[in-house]
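Colleague: Before I rely on any of the labels in this model, I would like to hear what stands behind each of them. Could we go through them one at a time?

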Amino acid sequence: MIKTLVSPCSVVVGFGSQKLKLDRSCKKVKPGAVRMELTISQPDDWHLHLRDGDLLQAVVPHSASHFRRAIVMPNLKPPVTSTAAAITYRESIMKALPIESSFDPLMTLYLTDKTHTDEIKLARESGVVYAVKLYPAGATTNSQDGVTDLFGKCLPVLEEMVKQNMPLLVHGEVTDPSIDVFDREKIFIETVLQPLIQRLPQLKVVMEHITTMDAVNFVESCKEGFVGATVTPQHLLLNRNALFQGGLQPHNYCLPVLKREIHREAIVKAVTSGSKKFFLGTDSAPHERRRKESSCGCAGIYSAPVALSLYAKVFDEAGALDKLEAFTSFNGPDFYGLPRNSSKITLKKAPWKVPEVLSFSFGEIIPMFAGETLQWQPSFE
């Protein structure tokens, strides 16, 4: 529900969830006289990295303060390849949560060439594992144990996933070093995803953190309810110029890498259109500052503390605030077959400054949009 709080000489007229701002002469109130609030069902994060150890302790409160649930990525060292390991990892997350937090981590398994069909059955029976993640070997952080031959070595597992209604979450890039890094998502769609959907049309697939117009077109061409996509704040707000403006910017480096402006615009258009196929997935990926600002900097953008503010910024600038709630709070649970959250969160249009740095006993983390002023701020009533 969008709420507009106006000056004493004006009134608010509501039409469903929309509010039309009028003064007593039925003229539109000047923007300066209006303070906006947007109350929505509490969102979930359908793609999140929480790491482990000290990093886990540091970052999980940020996600837990805004999101009710999150799909937690399994690319630890060693990776989470079994249901038993997923249960153990979930216990570590629960211990790191603030007291009285209602945050619910939804676990995933890391698909390898050696994953067995029995593990998929165990995962479904566990009640805590909700998906299996496909990392092509070498595609991103801690993906060296990923899949080398999806159709040759993993087909029985994929068929079992269809039987168990277990979604496959896809890092959609090929890893052939001869293919340009900016083309790897497009080639992955052509050589892996399209053949996969044709071979197993009943397999539920999430194309994670899409970055291109090609991915938008592919997802939109697929049957609703079987293929969806998560979208990050960085791929909605930044293009590849953000990597180089004013010098090399390591804190804007992520994988899949940022793309051209035409691709960013296509993604914004898709998520603000009201399509049910796209949903919130921050891909928030913390690294210590010294690991980002090194001669071989890590890929990953830490967005958890600012993600909701940034998504609101995108929808506000697109004139689509009425569609924000579906993207953040409805499309994801609907795709996964889970109930929508009954809890609410309010976004207030009130300027606030993002911290320059987040300091912890082990080091520092630089958040996305560090030091910049954002216009939307989430809060619980």
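Colleague: How do you know that strand E11 and E12 pair, and in which sense?

Modeller: This is a predicted model, in which local features need pLDDT of at least 70 and side-chain atom pairs count only at pLDDT 80 or more, while totals for chains, interfaces and linings use all residues. Residues are numbered from 1 along each chain as its sequence is written, and side-chain values use heavy atoms, with hydrogens and water left out. Two strands pair if DSSP finds at least two bridges between them, strands being DSSP runs of E with at least two residues and helices runs of H or I with at least four, numbered from the N terminus. Strand E11 (residues 227–231) and E12 have three bridges, so they pair under the rule of at least two, and the sense is parallel. Within this pairing, Ala229 has Phe278 of E12 as its bridge partner.

Colleague: What makes strand E5 and strand E12 edge strands?

Modeller: The open sheet has eight strands in the order E5-E6-E7-E8-E9-E10-E11-E12, with parallel pairing. Strand E5 (45–48) and strand E12 (278–280) each have a single partner strand, so one side of each lacks a neighbour in the sheet. From one strand to the next, the twist averages 30 degrees, where axes are lines fitted to C-alpha atoms, for helices over the stretch in contact, and angles run from 0 to 180 degrees between N-to-C directions. Helix H7 (residues 213–221) lies across strand E10 (205–207), E11 and E12, at about 145 degrees to E11, contact meaning heavy atoms within 4.5 Å.

Colleague: Why is the pair of Phe315 and Phe327 called tilted?

Modeller: Rings of Phe, Tyr and Trp (its six-membered ring) pair if their centres lie within 6.5 Å, and planes under 30 degrees apart count as stacked, over 60 as edge-to-face and the rest as tilted. The count by this rule is seven aromatic pairs. For Phe315 and Phe327 the centres are 5.4 Å apart and the planes at 40 degrees, so the pair is tilted. Phe315 belongs to helix H11 (residues 307–317) and Phe327 to helix H12 (residues 324–336), so the pair ties together parts twelve residues apart in sequence.

Colleague: What makes a space a cavity, and how many of 30 Å³ or more are there?

Modeller: On a 1 Å grid over the protein atoms alone, a cavity is a set of points where a 1.4 Å probe fits but cannot get out, and lining residues have an atom within 4 Å of a point. Grid points are joined across faces, edges and corners, and a volume is the space filled by probe spheres set on the points. The count is three cavities of 30 Å³ or more, and the largest cavity holds about 100 Å³. Of the 15 residues lining the largest cavity, the closest to its centre are His49, Thr140, Leu255, Asp283 and Ala285.

Colleague: Which peptide bond involving Leu255 is cis, and what is its omega?

Modeller: The bond from Leu255 to Pro256 is cis, with omega near 0 degrees, and Pro256 is in the loop between helix H8 (233–237) and helix H9 (261–271). The bond from Lys77 to Pro78 is also cis, with omega near -5 degrees.

Conventions. 1 Å grid on protein atoms, 1.4 Å probe; cavity = no way out; pocket = protein on both sides within 12 Å on 5 of 7 lines; lining within 4 Å.
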